[in-house]
Amino acid sequence: MENHDKAILEASAKHPIVPLEKGKFYTYGTAGFRMKADLLEGISYRVGLLASLRSRKLNGQAIGVMITASHNPAADNGVKIVDPLGDMLEQDWERYATALVNAPSDEQLVEVYNRLATELKIDLKSPSKVIYGRDTRPSGHKLVTALADGLEAAKAEFVDYKILTTPQLHYLVRATNSEGTPLSYGKVSEAGYYEKLAEAFVRAMKGRRINGTLQVDCANGVGGPKLSEFLKYIPKDKVNFDVKVVNDDVLRPEVLNLECGADFVKTKQRAPPNPKPQPGVRSCSLDGDADRLIYYWVDPETGFVMLDGDRISSLAASFIGDLVESAGLKDDLRIGVVQTAYANGASTNYITQHLKLPVICTPTGVKHLHHVAQGFDIGVYFEANGHGTVLFSPDALSAFRKKEPQSPAQKDALDTLAALGDLINQTVGDAISDMLMVEVILAHKNWTLRDWAMTYADLPNRLVRVEVGNKDLFQTTDAERRLLHPEGAQDEIDQAVKKYKDARSFARASGTENACRVYAEAATRSEANELAERVARIIERYGAL
Ligand SMILES: CC(=O)N[C@H]1[C@@H](OP(=O)(O)O)O[C@H](CO)[C@@H](O)[C@@H]1O
Ligand SMILES: [Mg+2]
């Protein structure tokens, strides 16, 4: 035996993979490997092996591994790989991850590992570095132990950052790889992340005032303690940011994401029952790993009003678009917005017709949006569920710093843009960073949540989950907006949509669950509900064939 074979074999025996029923495989999905935590120990070990290979392939640049199941229940967990710039694992490598994880025995695991090294021309003696973190789930302990055993067996160097939000881990990966270069992303520590955000926040606010308290529901996840820690870094004499942190109990794992958090608010379209909603309180919710954000308030007259990812996206695009114009950079920088088919049609209209910005629709999953957003100088991308960010190209960032201002107003716009470039997480959607961005924009515009909500009226919509025998029958085209298979299904959906005003509906197989999702929107709530039900019946029927 040579190389790492013996060590890999021995450690693998300690972290066996749980066999699935015949014909079923583990897959690296939209969010990495995610499932019940007790299936994940062997997977986490093998992800350690894969991350070490990925780092070696990329000349020893640091690769990240995050252990989290985000908004899922406490009993779940997940393992996800982060590439050197802090973005998601390159898509080609998802196949390699799947191959390693599904090797049926310890011996075959060694075989697959060596075969990958040979095929990908990886020198197993070259340096490898992996950094990792986990959310507050108790199962995280066992999973990082398995991960570290994988890294040790592969003789990779590694750093355990312990408990982090997902975006903090992404930040640390990029900071590690850019340390000491002109493109340095920030200090390589959790404190470095807080310092960078706090400094940029003060700069972006530039003396403007935030009106009233913001209540932040942290889903009883990792975002709670991290947000509280971050708040200590804001100099009170410079910014009056009055935050009330709620649902930040991380000592009782069973309450994680339970009737609270961004996913609850978005899917149930109501405020978390605890603490008891008080009319008029400006509120937002993070999800369990603090990469999604939803704003809302309970209006004394009209009830619950939600400002979701589409709203954050249009708010950011409108504000940054205006700043670019004031800065005299309108002809130099291309701004665009990236959405998925789940974006409310009213938001798409507002962005294209009113803001006059291009919108590109991609398949679901932030990796797709992120990739397309990189094609703009300023790419704003959000999923409706509140996950997203704004990406600035190197040209844009250098224009903000180098352009000679011709007036005080132009200087102000350039300074604010430069500050936003530091404030907004450039690696991945980040609820804490996005929340600071929203606060900056509202303060600059002197807007309440009601002013923000007035920009356009959402079309009533409904999302339905449909159980089907085999979701893989459902294949889509046109950024998931139309079904190619099963034959005939799309025609029936088209016929149903025609019956309603301002209606749109589509169905697709979920990438994270064994089910199809049906989305419908229409001019009125009852029409949206009715259309969703009709299309759900169509999908049920074709799914049963
Ligand atoms: C309608 C919806 O919200 N879908 C979610 C969900 O994907 P599905 O493929 O729809 O299961 O989970 C993804 C990962 O978190 C997220 O990116 C996506 O937006
Ligand atoms: Mg999340």
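UniProt positions are given here in the numbering used for this structure, with feature names shortened, and its annotations may be inferred rather than shown by experiment. The model is predicted, and local features need pLDDT of at least 70, side-chain atom pairs count only at pLDDT 80 or more, while totals for chains, interfaces and linings use all residues. Residues are numbered from 1 along each chain as its sequence is written, and chains are lettered from A and ligands numbered from 1 in the order in which they are written.

**Domains and annotated spans**

- The domain assignment, whose bounds come from an automatic or database source, gives domain 1 (5-163), domain 2 (193-305), domain 3 (309-453) and domain 4 (461-544).
- Between the C-alpha centres of domain 1 and domain 4 the distance is 35 Å.
- Helices (H or I, at least four residues) and strands (E, at least two) are DSSP runs numbered from the N terminus; residues 210-293 are 19% helix and 17% strand, with end C-alpha atoms 19 Å apart.
- Residues 308-447 are 54% helix and 14% strand, and the end C-alpha atoms of this span lie 17 Å apart.

**Helix H3**

- A residue counts as buried if 20 or more other C-beta atoms, placed from the backbone, lie within 10 Å of its own, as exposed if 12 or fewer do, and as partly exposed in between; in helix H3 (residues 91-101) the buried residues are Trp93, Tyr96, Ala97, Leu100 and Val101.
- These residues lie on the same side of H3 because they cover an arc of only 130° around the axis, the arc being that of the directions from the helix axis to the C-beta atoms.
- An α-helix has 3.6 residues a turn, so residues three or four places apart point the same way.
- The face of H3 turned away from the buried side carries the exposed residues Gln91, Asp92 and Arg95.
- The buried residues of H3 pack against strand S1 (33-36), helix H2 (41-57), strand S3 (76-82) and helix H4 (106-119), where contact requires C-beta atoms, placed from the backbone, within 7 Å.

- The residues listed by UniProt (unreviewed entry) under "binding site" include Glu383, Asn385, Arg508 and Thr512.
- Glu383 sits in the loop between strand S13 (378-382) and strand S14 (388-392), and Glu383 counts as buried because it has 25 C-beta neighbours inside 10 Å.
- Thr512 occupies the loop between strand S18 (504-509) and strand S19 (516-521), and with 15 C-beta neighbours inside 10 Å Thr512 counts as partly exposed.
- Leaving aside residues up to four places away in sequence, Thr512 touches Gly29, Thr30, Ala31 and Arg34.
- Of the 13 residues around ligand 1, those that come nearest are Thr30, Asn385, Ser510, Gly511 and Thr512, a residue being near if its C-beta atom, placed from the backbone, lies within 6 Å.
- Ligand 1 lies between domain 3 (309-453) and domain 4 (461-544), because both give residues to its shell.

**Backbone details**

- The peptide bond from Asn274 to Pro275 is cis, with omega near -10°, and Pro275 belongs to the loop between helix H9 (262-268) and strand S8 (282-286).
- The peptide bond from His485 to Pro486 is also cis, with omega near -5°.
- Lys121, a residue other than glycine, has a positive phi near 55°, and it counts as exposed with 7 C-beta neighbours inside 10 Å.

Methods
Two residues are in contact if their C-beta atoms, placed from the backbone, lie within 7 Å.
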